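Here's a quick briefing to skim before you load the model into your viewer.

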Amino acid sequence: MRTMASLIALMVATPAAAQTLAVTHAEAWTMEGAEPVRDATIVIENGRIVSVTAAGGVPPGATVIDAGGKPVTPGLVNGATQIGLVEVSGSPDTRDDASTDERTPGYDPSRALNGNSTLVSLARADGVTRALIYPSPSRHAPTSGEPVFARLRDGVDILDRGGIALYAVIGGGAWERLGARAQQWAALRKLLGEAKRGTPPPAETDRKKDKRRSGGPGGPRGGPDDTIHDVVAGKLPLAIQTHRESDIRQAAALASDLGIKVIIVGGTEAWRAADMLAAAKIAVVLDPQVNLPLNFDQLGARRDNAAILTRAGVSIAIGQAGGAIHANYNAGMGLREGAGIAVANGLPYIEALRAVTVNPLAIWGRGGGTLAPGADADLVVWDGDPLEPSTNARSVIIEGRQVSNWSRQDMLAERYKDVR
Amino acid sequence: MAKAMLFGSIAAGALALAGPAGAQRAAPLPWKEDPFPSRYHAPPAQDMLLKGATILDGAGGRIDDGDVLIRGGKIAMVGKGLANPGVREVDARGGWVTPGVIDVHSHDGTFVLPLTAIDREASDVSETSAPNVADTWIETAVNAQDMGFDRALSAGVTTIQILPGSTPIFAGRSVVVKPVRAPTVWGMKATGNVQGFKMACGENPKSWGADDDNEGPTSRQGVISYMRQAFLDAQRYKRAVEQARAGTGAMPPRDLKLEALAGILAGDIRVNLHCYRAGDIAAVLSIAKEFGFRIGAVHHATEAYKIPGLLRDAGTCAAVWADWWGFKMEAQDAVRAEAPMLERAGVCVMMHSDSAADGQRLNIAAAKAAAAGQRIGIDIPPERMIKWTTSNPARLLGMEKRIGTLAPGYQADVVLWSGNPFSIYSKADLVLIDGAVVRDRSRPPGEPVSDFEIGRAGAGQ
């Protein structure tokens with residue numbers, strides 16, 4: 001048995017500079033069709049996929065990774081997690097997930113994102129290459145702030161794009177300062193309604209210059225007010241974390257009344273409104289592990305939520321997978337396990353792969369997530385079915401470079417493995 | 001293992017009659033009394049022959065294309081090509097057969113789902129009026145209508161130990177249940193196990209002590225010294241009881257806390273110790289040595305992989321997660337590969353859940369742990385992995401001669417899986433408890449099993 005340690009040793013010896021890579025003998029799940037390309041050669045140059053060809057040749061000088069017939073998928077994308085914002089969840093001084101500002105509806109996690117977190121390196125080792133990072137409820141109910149997209153390249157800077165959406169939370173007991181949920185809906189409608197009625201966007205001089213915060217759907221960005229304006233202009237989505245059927249239908253009514261894009265996060269009872277969500281083109285980011293209600297909003301929890309929604313034509317992604325522990329501490333394993341559970345409960349395999357690759361990128365407005373020529377070269381070589389928790393990621397490639405997939409846990413295990 | 005046997009195999013409820021000493025004395029040992037006896041009756045058993053499955057017997061054996069014969073609620077035979085003596089025959093080809101899954105760490109029925117402000121304010125998981133609530137019996141809080149039991153059963157779990165929480169240092173007695181439908185927990189309560197007990201060290205009890213208005217130690221050293229003082233007091237009480245029974249002294253007044261701890265010292269009550277850090281585990285193992293008792297298992301035990309020899313020498317098991325880590329300081333050094341590392345070091349190890357969600361996938365937890373083991377060159381085959389969810393937890397409960405193994409004479413707690421039990425795609429097709437079919441996936445219950453779910457929109461999947 002070849003151990004991961006020896007694979008890692010090989011990997012560390014590889015120069016990290018931009019290079020030509022060829023993954024050979026891959027079962028390549030390109031996400032362009034429902035079936036993989038067998039015995040594929042995947043050629044990667046300058047951070048992009050060049051080609052995926054059955055029994056294709058290897059360009060001269062390319063670094064070769066032999067997949068040995070095992071599956072290769074696009075890098076996995078977690079549709080909702082808080083890695084990079086939370087270190088030791090029980091200790092508030094190691095968390096940067098929420099604002100305590102009572103006057104501002106915004107919180108921009110990009111200024112807190114920490115690529116050096118041990119949670120990030122473990123997620124990467126489990127095959128996650130990108131993730132939507134969302135803030136926790138602020139003190140400005142019912143908003144949390146503005147989720148960001150992360151790309152889990154090596155090093156501290158994992159920001160891919162800020163200002164992805166406006167994030168709100170609605171539910172029973174969700175807010176101390178806003179009790180009943182009708183109040184929560186009223187507050188959200190007021191916030192959006194005021195923006196819709198034309199409070200002017202902030203002056204250009206107030207806007208930030210960071211490139212990764214510019215050029216997005218809303219142009220240059222300057223914080224929560226900009227985000228809200230982009231939401232009411234239909235340029236950015238409003239993500240509403242909510243579970244109960246009545247709230248999911250309220251969210252759809254809000255989208256329709258204001259002409260805005262809405263994404264449901266959580267959506268435990270979304271299956272009860274599947275046809276309505278499909279008609280309204282409202283996507284759902286959900287956790288297939290949920291089959292027990294943590295609260296009264298989740299009484300309808302069932303394992304085939306993902307399958308029912310997909311059958312009805314709703315676009316789904318997997319996020320917050322595994323709840324309190326796994327959603328952050330196992331942002332990769334929880335994602336794969338969730339996708340596997342969805343398959344075990346009726347979701348077609350290819351749809352489960354989409355729910356952890358192309359769908360979250362499409363839902364959050366980023367695009368990509370395939371192995372099509374020209375696509376971002378984020379991919380993972382597995383030693384088995386990626387949706388089986390017993391499978392390990394053998395090589396993780398981000399932006400065309402092999403990154404470390406040796407986590408702190410692996411190092412500790414390696415250190416103590418011969419202790420008797 | 002021989003050491004372990006000394007503690008095992010005697011039913012807590014029947015102890016007044018168990019030994020010669022007990023039989024001759026009028027007064028039973030106070031810690032052996034069970035004021036809340038079981039009213040569980042095994043449902044009607046069906047004799048059957050499972051044919052042609054991959055069998056993992058729970059004790060380390062594997063038979064491909066094997067058969068299991070179940071008669072009178074017990075395992076009658078396990079082997080290849082068994083003749084059918086005229087019982088129902090189940091075509092199990094393509095399926096896998098294992099003992100029912102045993103979860104030794106659950107809060108089902110006390111960590112209420114759905115959780116409301118009522119239980120957030122005053123939870124039944126732990127009695128938290130004092131650091132020593134050794135007098136409590138968690139079964140007096142368990143709501144038998146918790147749908148967690150039903151989900152566990154559907155996932156092939158046939159035995160569950162419900163423990164009190166880890167806020168108190170001495171948290172009270174556990175209860176072992178079968179997750180069958182019953183109006184009260186006593187209709188679920190197993191018999192034949194050793195009485196369990198929960199203790200806790202580290203961050204949870206010290207944090208509670210450090211909160212305003214609480215009495216109790218505020219540091220690790222305080223927690224450890226609190227334990228020693230309590231065992232000293234219990235030692236005195238136990239001697240007084242023994243002297244009274246020998247006719248050389250007066251019986252001390254009953255004291256529910258002291259007698260529970262005296263039961264631990266006597267080896268009649270088995271400790272389940274919540275501990276994370278290696279130093280915490282070592283300190284409590286030292287106390288056990290000082291006072292002459294054995295700790296059944298360290299639960300969570302995130303750093304047990306650093307000190308396998310201490311656990312092995314003490315005859316103490318480790319009940320571990322595959323992948324809970326990081327959420328507090330004492331969980332920083334958790335490694336997914338812990339179970340295979342401990343297995344290779346000769347420690348009795350098992351998976352545990354602490355959660356109604358993860359309790360449905362203990363075999364998947366084992367699969368994750370084994371995969372992490374492969375990353376550092378440790379390969380554990382399925383027939384040994386299955387011990388982590390069957391025979392090893394049975395040993396902790398003192399039920400190693402009754403459940404957790406497929407061998408003649410064992411209770412027929414059996415699962416027929418649709419495939420490899422370590423695959424995320426496999427399901428429990430047939431679940432048997434005491435030889436009775438309690439779940440048949442081809443014939444799902446027509447209505448929710450728990451009373452809670454009846455008549456609520458959408459509930460019950």
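This is a predicted model: local features need pLDDT of at least 70, side-chain atom pairs count only at pLDDT 80 or more; totals for chains, interfaces and linings use all residues.

Domain bounds here come from an automatic or database domain assignment. With that in mind, the C-alpha centres of domain 1 of chain A and domain 2 of chain A lie 29 Å apart.

- Domain 1 of chain A covers 4-74 + 375-406, and domain 2 covers 76-363.
- Their contact takes 19 residues from domain 1 of chain A and 23 residues from domain 2 of chain A; two residues are in contact if their C-beta atoms, placed from the backbone, lie within 7 Å.
- On the domain 1 side, β5 (71-74) and β17 (393-398) of chain A are the elements giving two or more residues. Helices (H or I, at least four residues) and strands (E, at least two) are DSSP runs, numbered from the N terminus.
- β17(A) gives the most to that side, with 3 residues.
- By type, the residues on the domain 1 side divide into 13 nonpolar, 3 polar and 3 charged. Ala, Val, Leu, Ile, Met, Phe, Trp, Tyr, Cys and Pro count as nonpolar, Asp, Glu, Lys and Arg as charged, and the others, Gly among them, as polar.

**Where chain A meets chain B**

- 51 residues of chain A are in contact with 48 residues of chain B.
- On the chain A side, α1 (4-13), α2, α8 (323-329), α9 (333-344) and α12 (408-416) each supply at least two residues.
- The chain A side divides into 22 nonpolar, 18 polar and 11 charged residues.

**Strands β6 and β7 of chain A**

- In strand β6 (residues 76-81) of chain A, 6 of the 6 residues are buried, so the strand is largely enclosed by the rest of the structure. A residue is buried if 20 or more other C-beta atoms lie within 10 Å of its own, exposed if 12 or fewer, and partly exposed in between, with C-beta atoms placed from the backbone.
- β6(A) runs parallel to strand β7 (residues 128-133) of chain A, and 4 bridges join them; strands pair if DSSP finds at least two bridges between them.
- Within that pairing, A:Val77 has A:Arg130 in β7(A) as its bridge partner.
- From β6(A) the chain crosses through helix α2 (residues 118-125) of chain A to β7(A), a right-handed β-α-β crossover. Right-handed means that, with the strands pointing away from the viewer, the path from the first strand over the helix to the second runs clockwise.

**Helices of chain B**

- Helix α4 (residues 147-154) of chain B has 8 of its 8 residues buried, so the helix is largely enclosed by the rest of the structure.
- Those buried residues of α4(B) pack against β6, β7 (157-162), β16 and β17 (436-440) of chain B.
- B:Gly156 follows α4(B) and has a positive phi, near 90°.
- Helix α11 (residues 362-375) of chain B has 14 residues, which should span 20 Å at 1.5 Å a residue; its end C-alpha atoms are 20 Å apart, which agrees. The expected span is 1.5 Å times one less than the number of residues.
- 13 of the 14 residues of α11(B) are buried, so this helix is largely enclosed by the rest of the structure.
- After α11(B) comes B:Gly377, whose phi is positive, near 85°.

**A closer look at B:Ala428**

- B:Ala428 is found in strand β16 (residues 428-433) of chain B.
- With 24 other C-beta atoms within 10 Å, B:Ala428 is buried.
- Leaving out residues up to four places away in sequence, B:Ala428 touches B:Ser154, B:Ala155, B:Gly156, B:Val415, B:Trp417, B:Arg439 and B:Arg441.

- A cis peptide bond joins A:Ala141 and A:Pro142, with omega about 0°; A:Pro142 sits in the loop between β7 and β8 (143-145) of chain A.
- In chain B, the peptide bond from B:Leu113 to B:Pro114 is cis, with omega near -5°, and B:Pro114 lies in the loop between β6 (101-106) and α3 (117-121).
- A:Lys281 is not a glycine, yet has a positive phi of about 55°. A:Lys281 is in the loop between α6 (274-279) and β14 (283-286) of chain A and counts as partly exposed, with 13 C-beta neighbours inside 10 Å.
- B:Asp213, a residue other than glycine, has a positive phi near 70°. B:Asp213 is in the loop between α5 (203-210) and α6 (220-245) of chain B and counts as exposed, with 4 C-beta neighbours inside 10 Å.

Key:
Residues are numbered from 1 along each chain as its sequence is written. Chains are lettered from A and ligands numbered from 1 in the order in which they are written.
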